[in-house]
Amino acid sequence: MRKSIFTIIVATLLAISTSAWADGSIRCGNSLISVGDPAAVLLIKCGRPLTVDDTTRVIIDDYGHRQVIRSGEVWTMYMGRDHFIQMVTVEGGIITKIVDGPRG
């Protein structure tokens, strides 16, 4: 009985700690970069991205005219060998999303 209660407590703590990372953050050296930070901080702390890709939205008006609007960029950050590549979405100079990519 005690073992099952301990297992439930550990599982709950792991679930809570995993959800805290779900919003996105990365570590560069001793610095932690999170969603909401300026992109300039990411450049200073982590260096230049490996690639920068534009993100776009397509809007079609009532007359069928199509507009492609650039909404931001996705920066691919190489974090080193045996670490996950980080896909960082930047909109208006602010980090809006951080997602793990494949291992480097």
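Val 58, Ile 60 and Val 68 make a nonpolar surface patch of about 280 Å². Patch residues have over 30% relative accessible area and no salt bridge, and nonpolar side chains (Val, Leu, Ile, Met, Phe, Trp, Tyr) are joined within 5 Å. A salt bridge is a side-chain nitrogen of Lys or Arg within 4 Å of a carboxyl oxygen of Asp or Glu. Val 68 sits in strand E4. The model is predicted: local features need pLDDT of at least 70, side-chain atom pairs count only at pLDDT 80 or more, and totals for chains, interfaces and linings use all residues. Residues are numbered from 1 along each chain, and side-chain values use heavy atoms, without hydrogens and water.

**Overall build**
- The protein has two helices and six strands. These are DSSP runs (helices H or I, at least four residues; strands E, at least two), numbered from the N terminus.
- Along the sequence, the pattern is α-β-β-α-β-β-β-β.
- Of the 104 residues, 23% count as buried. Buried means under 20% relative accessible area, exposed over 50%, and partly exposed in between (1.4 Å probe, protein chains only).
- The protein exposes about 7,700 Å², and carbon and sulfur atoms supply 58% of it. Accessible areas come from the Shrake-Rupley method with a 1.4 Å probe.

**Nonpolar core**
- In soluble globular proteins, nonpolar side chains tend to be buried together.
- The largest nonpolar core here has eleven residues, including Ile 26, Cys 28, Leu 42, Trp 75 and Val 88. Such a core is a set of buried Ala, Val, Leu, Ile, Met, Phe, Trp, Tyr and Cys residues joined through side-chain atoms within 4.5 Å.
- Strands E1, E4, E5 and E6 and helix H2 each give two or more residues to this core.
- Val 88 touches Ile 26, Leu 42, Trp 75 and Ile 95, among others, not counting residues up to four places away in sequence. Contact means heavy atoms within 4.5 Å.

**Disulfide**
- A search of the whole structure finds one disulfide, a pair of cysteine sulfur atoms within 2.5 Å.
- Cys 28 and Cys 46 form the disulfide, with sulfur atoms 1.7 Å apart.
- The pair links strand E1 to helix H2, 18 residues apart.
- The torsion about the S-S bond is about 95 degrees, so the disulfide is right-handed.
- Cys 28 counts as buried because its relative accessibility is 10%.

**Asp 82**
- Asp 82 lies in the loop between E4 and E5.
- Its phi is near 65 degrees, a positive value in a residue other than glycine.
- Asp 82 counts as exposed because its relative accessibility is 56%.

How values were computed. Patch = residues over 30% accessible without salt bridge, like charges linked within 9 Å, V, L, I, M, F, W, Y side chains within 5 Å.
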